[in-house]
Amino acid sequence: MNKLIKLKEKVIKEAQNPNFVHHQWYVKWHLQIVERLANELCEIYPNANKDLCFAMVWLHDYGKILAQRPENYDKGDFLTFTKGKELLLELGFSSEFTDSIISSLQNMERKMEEDLHFAPIEVQIVSSADAASHLIGPFMSLYWYENPNKSIEELLESGVKKAKKDWFRKVTLPEVKERFKERYLYLLENEGEFPEHYFHLNRKL
């Protein structure tokens with residue numbers, strides 16, 4: 001069996017562990033959508049390494065999945081880089097390709113310190129796809145479902161903060177900015193940040 005498919009199957013199995021807080025929905029409503037978006041972006045950017053993008057898609061949240069609970073998510077990136085590397089080598093990926101995957105994921109996670117517009121195209125594709133996936137389906141609504149103890153104000157504030165971080169730090173590709181602009185603006189409104197005008201034709205970000 002193809003090593004990339006084995007990687008995907010391994011991550012899916014781990015993500016379905018009932019101890020993982022998002023196990024009911026994470027594969028269908030996040031990882032599979034990120035994969036689809038990344039595949040479409042690879043068609044737009046044919047020089048991108050498709051295998052590298054595929055591996056990054058399925059490994060980018062591996063540490064979060066292994067950490068199991070939200071209170072342990074601060075360890076997620078470390079586990080992605082360490083346990084993720086172990087998994088790749090275990091599945092038979094070369095040391096060179098493994099290092100390339102881990103290095104790319106580390107680059108992607110430096111989004112708050114570095115401008116990802118200057119990152120390799122594979123990093124931009126997966127980062128942009130990851131952020132855009134949060135604007136598709138019930139992703140943001142499920143955050144409300146999983147945090148019933150938070151106040152409405154806390155949930156709204158978290159939603160706006162995440163949406164803006166995604167849009168300004170993770171989305172770099174112009175095709176994503178263009179196609180997902182209205183989704184992003186609607187999400188902000190849905191999280192309580194209303195536009196100054198509803199009938200203005202040139203709403204600014």
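This is a predicted model: local features need pLDDT of at least 70, side-chain atom pairs count only at pLDDT 80 or more; totals for chains, interfaces and linings use all residues.
**Entry 1: contacts along the chain**

I began with contacts, meaning heavy atoms within 4.5 Å. Among contacts in the chain between residues at least 6 apart in sequence, 67% join residues at least 24 apart.

**Entry 2: the overall fold**

I looked up the secondary structure next and found 10 helices and zero strands. Here helices (H or I, at least four residues) and strands (E, at least two) are DSSP runs, numbered from the N terminus. Read from the N terminus on, the elements run α-α-α-α-α-α-α-α-α-α.

Then I checked the dimensions. The C-alpha trace spans about 55 × 40 × 30 Å along its principal axes. The radius of gyration is taken over C-alpha atoms, and the globule rule is 2.2 Å times the number of residues to the power 0.38. For 205 residues, a compact globule would have a value near 17 Å, and the chain agrees because its radius of gyration is 17 Å.

**Entry 3: surface and burial**

How much of the chain counts as buried? I found 45% of the 205 residues in that class. Buried means under 20% relative accessible area, exposed over 50%, and partly exposed in between (1.4 Å probe, protein chains only).

The chain exposes about 11,700 Å², and carbon and sulfur atoms supply 50% of it. These accessible areas come from the Shrake-Rupley method with a 1.4 Å probe; for residues, only the protein chains shown count as cover.

**Entry 4: charges and salt bridges**

I located the mean positions of the 28 positive and 32 negative charges, and they are 2 Å apart. Lys and Arg count as positive and Asp and Glu as negative; His and the chain ends are not counted. Each charge is placed at NZ of Lys, CZ of Arg, CG of Asp or CD of Glu.

Side chains of opposite charge can pair when their charged atoms come close. A search of the whole structure gave me 10 salt bridges, each a side-chain nitrogen of Lys or Arg within 4 Å of a carboxyl oxygen of Asp or Glu.

- Lys 111 meets Glu 109 in a salt bridge at 3.3 Å, N to O. Lys 111 counts as buried at 12% relative accessibility, whereas Glu 109 is partly exposed at 24%.
- Arg 110 pairs with Glu 114, with the closest N and O atoms 3.0 Å apart. Arg 110 is partly exposed at 33%, and Glu 114 is partly exposed at 34%.
- Asp 130 meets Lys 170 at 2.7 Å, N to O. Asp 130 lies in helix 7 (residues 121-133) and Lys 170 in helix 9 (residues 152-170), so the pair ties together parts that are 40 residues apart in sequence. Both Asp 130 and Lys 170 are buried. A network of salt bridges links Asp 130, Asp 166 and Lys 170.

**Entry 5: two residues I followed up**

Where does Phe 97 lie? I found Phe 97 in helix 6 (residues 95-108). Leaving aside neighbours within four places in sequence, Phe 97 is in contact with Asp 51 and Leu 52. From Phe 97 to Gln 124 I noted 27 residues in sequence and 18 Å in space, C-alpha to C-alpha.

Leu 142 lies in helix 8 (residues 139-146) and is buried, with a relative accessible area of 15%. Leu 142 and Arg 179 are 37 residues apart in sequence and 23 Å apart in space, C-alpha to C-alpha.

Technical notes
Residues are numbered from 1 along each chain as its sequence is written. Side-chain values use heavy atoms; hydrogens and water are left out.
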